[in-house]
Amino acid sequence: MFFIDCKMGDALRGRRRLRPSVCKLPCPFCFLLLFAVGGLVLFIHLQDLSDMVIQQTPAGVKLRSTSYSRKEQCVHYSEAAGRVARPSDEGDVDPISPMQLPDFQWKQQADTPGSREHDLGSQRVTKRHRKLLKTSPVVRPQANSSSTAESPRGLSDIQEYRRRIIREVCAKYRSNISRTITPHHVSRIYVEDRHKLLYCEVPKAGCSNWKRVLMVLAGVANSTREINHMAVHYDNHLKRLDSFDRQGIAKRLETYTKVLFVREPMERLVSAFRDKFESPNSYYHPVFGKPIISKYRVNASKVALKTGSGVTFREFIHYLLDVHRPVGMDIHWEPVNQLCSPCHLRYDFIGKVESLAEEASFILQKIGAPDNLTFPAFKDGNPKAARTSTQITQRYFSQLNASERQRAYDFFYMDYLMFNYTKPYKDLY
């Protein structure tokens, strides 16, 4: 309790008048009293200020002060500001993320399935943002957003956008590589001289049908329907760019239309596994299946070791992620950024299998192909099996644990980043 020293008058000694009482407050009490009054005034002022800010905040904008952990990172879209704000690694909101959407995001062309067609902006991808690129969920338009027909951008603008993403990713992650183009960089590129077209072969991304188109363009066949699977892959009707001399390579790279088509990496991987290991195959079973079963299967049967048949998807993934693989890499599951060297070769058109028909037609029209030539939809491999879809891909990857899925994602991480595909599973980082 506070001590108050009061001296009364000398009434007890018989004096006739009573002295007025004098109360002296100690210094600590005065300080605490002033501090309490000041705090009360400050609290009232801040409460009024908070109410005023809330009243002036535009509709649709939420004010949040919660710090974000890595697992809680999310994307906030401000309709008033027209931009995306992402939490940074330190918990701050970074209003200019490298994955920032353009101002016309809700009116641009609808995303292809599995892709995230949003803008990297003019900033380069920094080391601090690399984790965000892995963890940040994609922002998609609402169900009532504008349709493709209302899009202010055409395929030409989308192509420029895709090319810019590749340039920026290459500038950040591959800036130290040699810019010299060697025959290895162009070894997967097919040449069609009549229409000045260069096509980089990406297996399990429509390459068989693209070869049929090239053969028709070159005059080898009159129609894509005449070309069977064996003729496509084993008759050697098409030339590769690395078969030319240095001058011939340079001239064609400078003057021809360079085309690349890609596919969602995990879906492409599952498609390759189903085609090569679940169907009879006289090459992949003995060459790849036997060493995979021998190394990764416990108590393998003699029949499995002899034939190489029956490789499971999990065994295949263990082989793929093993730095000491018992057998080498194959083009059917090699990352696209290694197959087609997009950091060395500036492709004019980067297409996606998810919108293959539309984008292939655009290319054929651009190069002046015959009007009666349309992109075919033939299914090579096992014609009875369903095409590999997102649902089928998820079913295969459900056989893996979280660590295996993460490592598979890391294996194709540059493809996800370079070709702007969405992270396929929420538990990936």
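Reply: Happy to. We need one definition to begin: axes are lines fitted to C-alpha atoms, for helices over the stretch in contact, and angles run from 0 to 180 degrees between N-to-C directions. Also, this is a predicted model, where local features need pLDDT of at least 70 and side-chain atom pairs count only at pLDDT 80 or more, while totals for chains, interfaces and linings use all residues. Residues are numbered from 1 along each chain as its sequence is written, and side-chain values use heavy atoms, with hydrogens and water left out.

Me: Why are helix α7 and helix α13 called roughly perpendicular?

Reply: The axes of α7 (residues 265–277) and α13 (residues 390–397) cross at roughly 75° and come within 9 Å. Angles under 35 degrees count as roughly parallel, over 145 as roughly antiparallel, 65 to 115 as roughly perpendicular and the rest as oblique. Therefore α7 is roughly perpendicular to α13. Helices here are DSSP runs of H or I with at least four residues, strands are runs of E with at least two, and both are numbered from the N terminus.

Me: What makes the contact between α7 and α13?

Reply: Contact means heavy atoms within 4.5 Å. On the α7 side it involves M266, E267, L269, V270, F273 and R274, and on the α13 side T390, I392, T393, Y396 and F397. Sorted by class, there are 7 nonpolar, 2 polar and 2 charged residues. For those classes, Ala, Val, Leu, Ile, Met, Phe, Trp, Tyr, Cys and Pro count as nonpolar, Asp, Glu, Lys and Arg as charged, and the others, Gly among them, as polar.

Me: Why is Q159 called buried?

Reply: Buried means under 20% relative accessible area, exposed means over 50%, and partly exposed is in between (1.4 Å probe, protein chains only). Q159 has 1% relative accessibility, so it counts as buried. This residue sits in helix α3 (residues 155–173). Apart from neighbours within four places in sequence, Q159 touches D348, F349 and I350.

Me: Which strands make up the open sheet, and in what order?

Reply: The order is β8-β6-β7-β9-β10, with mixed pairing. At the edges are β8 (239–240) and β10 (349–352), each pairing on one side only. Two strands pair if DSSP finds at least two bridges between them.

Me: How do you know that β9 pairs with β7 and with β10?

Reply: By counting bridges. Strand β7 (residues 197–200) and β9 run parallel and are joined by 4 bridges, and 4 bridges also join β9 (residues 257–262) to β10, again in parallel. Both counts meet the rule of at least two. Along the way, C200 stands opposite L260 in β9, L260 stands opposite I350 in β10, and V262 has K352 of β10 as its bridge partner.

Me: What makes β9 largely enclosed?

Reply: 6 of the 6 residues of β9 are buried, so this strand is largely enclosed by the rest of the structure. Both faces are covered, with T257, V259 and F261 on one side and K258, L260 and V262 on the other. Helix α12 (residues 356–366) lies across β9 and β10.

Me: How do you know that helix α4 is mostly covered?

Reply: In α4 (residues 207–217), 11 of its 11 residues are buried, including W210, K211 and R212. Among the elements that cover them are β6 (189–192), α5 (229–234) and α12. Just after α4, G219 takes a positive phi of about 85°.
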